[in-house]
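Please look over the sequence and the structure shown below.

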Amino acid sequence: MITGFLGFMLNAFSIIVLSAVAVIALVSLAFYCRSIDFHRLSAESRQIGLWILVCSPWLIGVLSSAIVMLLSSPSVSSFAGSQFVHWHHPTEFALDSWHGYFVSIMLGLALLMALRAYIRVVRSSNTIRTLSAMSRPGPDGVRILDTNTAAAFTAGIKNPDCYITSALLDQISGEEFAIIRLHEMAHIKCNDPVKKTLFYLLTTFFPAPLAISFNQTMATAMEQSADAAVVSEQHDKATIAKTLLKVRRLAVQEFTDQFRLPQICHYGLDNIDQRIRYLLSDNKGDEVPMLSVLAFIGLLAIFCALGADTIHHAVEISLHHS
Amino acid sequence: MILGELEKLVLNYFWTVSSADAKQVHEYFSKQRGGSLNTIQTTLDRLFKKGLLNRIKIGHAFHYSAASSRKAFISQLILTVTQDFVSSDEDNLLAAFVSVSSELDDQQLSELESTIREYETRNLVQGSKS
């Protein structure tokens, strides 16, 4: 039996995990029922919405844990709320109890998923380092990769760089190069590679199809924001759209010539299609209704606190009776 | 793909020569940076196991050559990092200007071109009216 502060923390952690699992299940259900629709939001709002969504299990978990542990404290035991929510052993935690098993299994699973995602990130970083070593300095701070493949991208976590291949550079005009450069520099300015990595790590706790969809939506929103950054630099929208199409045609042509393209099942519309239509559209979408979202998170935290307490009592009563 | 410093140097060397055995590679690098023949042999073996070098046995020694050209190797690396990570379990550390895994066919691309032309025409008409 673990008692005192450590016991308190382990009890709090078990409520966080219980709530997080419930929220992940709820979000998954809402997503499958198509209750969550990001497409009517602007690119920036979509990013905010997605961050809230992937952080919500842990945010709500911490909130519900705080509610339960606060109401279980002896100083607030007279408060009406403690009649509904009461963790009767807040400072005692038995490792060989159902709490112990539950926390251990969940912690093990979380560590396994985080480790798996971390290994992928490290592997990717190594490939990017090799690419960086193969590149040479180019005009306006970009790095050039000598190859027949047409591509332009930003990569790296610590010191991200903008890469452009010699094959692409040879086939684009000065204005097109400026557009691509500004687009990639916008990614660097916004720390998009780091954000994408962090977001990816957070989505690993969701079911795979959901995680794929979240990552795709986030990637598209980031690309659309970077396109908007190019527009803000006085570039014509139609020229940006044409550059996008041109690079897309060049890139895919080169890749199909040399390699077999990976077969992918897209959930929504294609990235380029969405980007061009969004770029040319006057309607940039709605903002995130922050007040409603915060109210919903608060309500969900109370619901999770009640749920965690109910499950806790139900399991303990059934164990005592058996 | 994880490549050590010596592995990168050796790979670069094989992009400048058609083929070489461990002794020839060691001779080349011993002038530049020193190191034992055993280290070179291990490096060559590692590069072979990674699929970056080919080898054939002539007499008692293996003769190595680059499995692909420098350009093809870089293309392969780009493909690895620009693959849509969310569907191929791969990279998320980068933001590509266009995704190489885009699945638009020629007809869809033509439709997009029409959309851009319509936008330009609309803007031109609006510009002449104002």
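**Strands, helices and burial in a predicted model**

Strand 5 of chain A and strand 6 (residues 161-165) of chain A run antiparallel and are joined by four bridges, where strands are DSSP runs of E of at least two residues and helices are DSSP runs of H or I of at least four residues, both numbered from the N terminus, and two strands pair if DSSP finds at least two bridges between them. This is a predicted model, in which local features need pLDDT of at least 70 and side-chain atom pairs count only at pLDDT 80 or more, while totals for chains, interfaces and linings use all residues. Residues are numbered from 1 along each chain as its sequence is written, chains are lettered from A and ligands numbered from 1 in the order in which they are written, and side-chain values use heavy atoms, with hydrogens and water left out.

**The hairpin of chain A**

- Within this pairing, Phe153(A) stands opposite Tyr163(A) in strand 6 of chain A.
- The hairpin of strand 5 and strand 6 of chain A has five residues between the strands, and Gly156(A) takes a positive phi near 115° there.
- Strand 5 (residues 152-155) of chain A is covered on both faces, with Ala152(A) and Thr154(A) buried on one side and Phe153(A) and Ala155(A) buried on the other; buried means under 20% relative accessible area, exposed over 50% and partly exposed in between, with a 1.4 Å probe and protein chains only.

**Helices of chain A**

- Helix 3 (residues 98-134) and helix 6 (residues 192-203) of chain A pack at an angle of about 155° with their axes 9 Å apart, the axes being lines fitted to C-alpha atoms over the stretch in contact and the angles running from 0 to 180 degrees between N-to-C directions.
- Helix 3 and helix 6 of chain A are therefore roughly antiparallel, a term for angles over 145 degrees.
- In their contact (heavy atoms within 4.5 Å), Ala117(A), Tyr118(A), Arg120(A) and Val121(A) of helix 3 meet Thr197(A), Tyr200(A) and Leu201(A) of helix 6.
- Ser28(A), which is found in helix 1 (residues 4-32) of chain A, is buried with a relative accessible area of 8%, and Ser28(A) touches Pro207(A) and Leu210(A), not counting residues up to four places away in sequence.

**The sheet of chain B**

- Three strands of chain B form an open sheet in the order 1-3-2 with antiparallel pairing, and its edge strands, strand 1 (20-21) and strand 2 (53-58), each pair on one side only.
- Strand 1 of chain B is joined by two bridges to the antiparallel strand 3 (residues 61-66) of chain B, and Asp21(B) stands opposite His63(B) in strand 3.

Methods: Angles under 35 degrees count as roughly parallel, over 145 as roughly antiparallel, 65 to 115 as roughly perpendicular and the rest as oblique.
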